[in-house]
Amino acid sequence: MTARKQNDIARADFGPVTVYFGDRNGKYPDGNQVIVRGSDSVAVFDTPISANAIGPDFTNADLCILGHVHEDHMAGLHLLRGKPVYAHEADVAAARSWETLADVFGYEGAERARSRARFEKDFHYIEAPDAIAYKDGATWDLGGVTVRAAHMPGHTPGHCALLVEPYGLAFIGDIDLSTFGPYYGDTNSSLHDFRETLRKVRDLPAKVWVTFHHKGVYTDRQRFLDDLCAYEARFDARDARLLEMLGAGPQTVGQLAQGRILYPAHVNEPWVDGVEARSIAMHLDDLMGQGRVARDGDGRYRLV
């Protein structure tokens with residue numbers, strides 16, 4: 001690996017792969033940009049806000065492969081107009097249409113229009129109506145370098161890791177190993193799938209792991225596995241928080257959402273309550289399946 005700065009953006013090179021690090025190591029709302037150069041074509045993985053400052057290394061790319069579809073991963077698509085954009089078949093509708101993406105986020109009424117205006121301002125958001133669907137195992141031959149998609153759902157239904165072969169680099173997207181922990185708060189996210197994904201990601205044939213947010217690059221497998229274990233432990237910590245809250249007596253999902261299992265109390269964005277409620281409902285389903293929680297006829301949940 002070599003590391004240096006270009007256009008005031010820190011970067012790291014791994015053979016034909018360059019990782020440009022976003023603001024604060026890609027902390028949301030920014031992200032880390034991966035560019036892969038083959039002898040025939042150049043691919044970019046996702047497009048964070050920082051993509052807008054990279055210059056020709058980014059804008060001269062031949063195609064974009066989205067590991068999944070969220071607004072912060074689409075912030076450079078406006079610079080790639082007319083070039084192929086690929087998204088997994090389970091996410092591609094959200095790439096093609098604002099209305100579908102708004103449904104994914106659970107936006108309703110005036111919030112839909114406000115959010116689109118915010119995304120256009122903060123993320124240069126545009127729809128990608130011609131986005132091309134790909135399947136698990138899809139490959140792109142860039143000339144001496146191959147990209148392969150490995151379906152890793154949960155965060156979104158179509159979330160994928162993108163493997164650069166034969167160089168052993170895995171872009172794992174929003175399996176970001178942050179202290180916040182896994183995010184599965186969309187209307188179509190899945191706690192169950194995310195748990196399975198964190199078991200599978202260990203087995204990717206990689207020696208370098210790149211996250212879109214927060215951690216950036218891992219080249220030490222043990223450090224990667226240690227952080228992955230800590231990240232996975234957030235599932236159990238959230239279960240424990242819910243059980244603690246229910247220890248005070250039966251509560252509805254809405255009441256539990258006010259107590260928060262994801263966000264600290266000072267975060268008051270309009271989407272937080274919906275994300276908390278959806279995430280809590282998934283945990284409650286799991287806990288009911290384990291026989292630890294029951295739901296009464298009045299819609300309140302209680303300890304068993």
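Modeller: A residue is called buried if its relative accessible area is under 20%, exposed if over 50%, and partly exposed in between. Keep that in mind, and note that this is a predicted model.

Start with R260. Its relative accessible area is 14%, so R260 counts as buried. R260 sits in the loop between α7 (253-259) and α8 (272-289). Its backbone stands out too: phi is positive, about 70 degrees, although R260 is not a glycine. Most residues other than glycine have a negative phi.

H124 also has a positive phi, here about 55 degrees, and is not a glycine either. Look for H124 in the loop between α4 (110-123) and β8 (132-134). Its relative accessible area is 31%, so H124 is partly exposed.

Now the peptide bonds. Most are trans. The bond joining Y28 and P29 is cis, with omega about 15 degrees. P29 belongs to the loop between β3 (17-20) and β4 (33-37). Another cis bond joins E165 and P166, with omega about 5 degrees. P166 lies in the loop between β11 (160-165) and β12.

Y28 leads on to the rings. Ring pairs link Y28 with W98, F105, Y107, F119, F123 and Y125 in a cluster. The structure has 19 aromatic pairs. In one of them, the ring centres of F45 and F171 are 5.7 Å apart and the planes stand at 40 degrees, so this pair is tilted. F45 is in strand β5 (residues 42-45) and F171 in strand β12 (residues 169-173), so the pair ties together parts 126 residues apart in sequence. F45 and F171 are both buried.

In F194 and Y231, the ring centres are 6.3 Å apart and the planes at 65 degrees, so the pair is edge-to-face. F194 belongs to helix α5 (residues 191-200) and Y231 to helix α6 (residues 221-246), 37 residues away. F194 is buried at 1% relative accessible area, and Y231 is buried at 1% as well.

The axes of α5 and α6 come within 10 Å and cross at roughly 150 degrees. An angle over 145 counts as roughly antiparallel, so α5 and α6 are roughly antiparallel to each other. The crossing is left-handed. L191, F194, R195, L198 and R199 of α5 meet residues of α6, including L228, Y231 and F235. R195 lies over the face of F235, 4.7 Å from the ring centre.

Definitions and conventions:
Residues numbered from 1 in each chain as written. Predicted model: local features only at pLDDT ≥ 70, side-chain atom pairs only at ≥ 80, totals over all residues. Heavy atoms only, no water. Phe/Tyr/Trp six-rings, centres within 6.5 Å; stacked < 30°, edge-to-face > 60°. Helix = DSSP H or I, 4+ residues; strand = E, 2+ residues; numbered from the N terminus. Buried < 20%, exposed > 50% of the residue type's maximum accessible area, 1.4 Å probe, protein only. Lys NZ or Arg CZ within 6 Å of the ring centre and 35° of its normal. Axes fitted to C-alpha atoms, helices over the stretch in contact; angles between N-to-C directions. Parallel < 35°, antiparallel > 145°, perpendicular 65-115°, else oblique. Left-handed = near helix turned anticlockwise from the far one by under 90°. Contact = heavy atoms within 4.5 Å.
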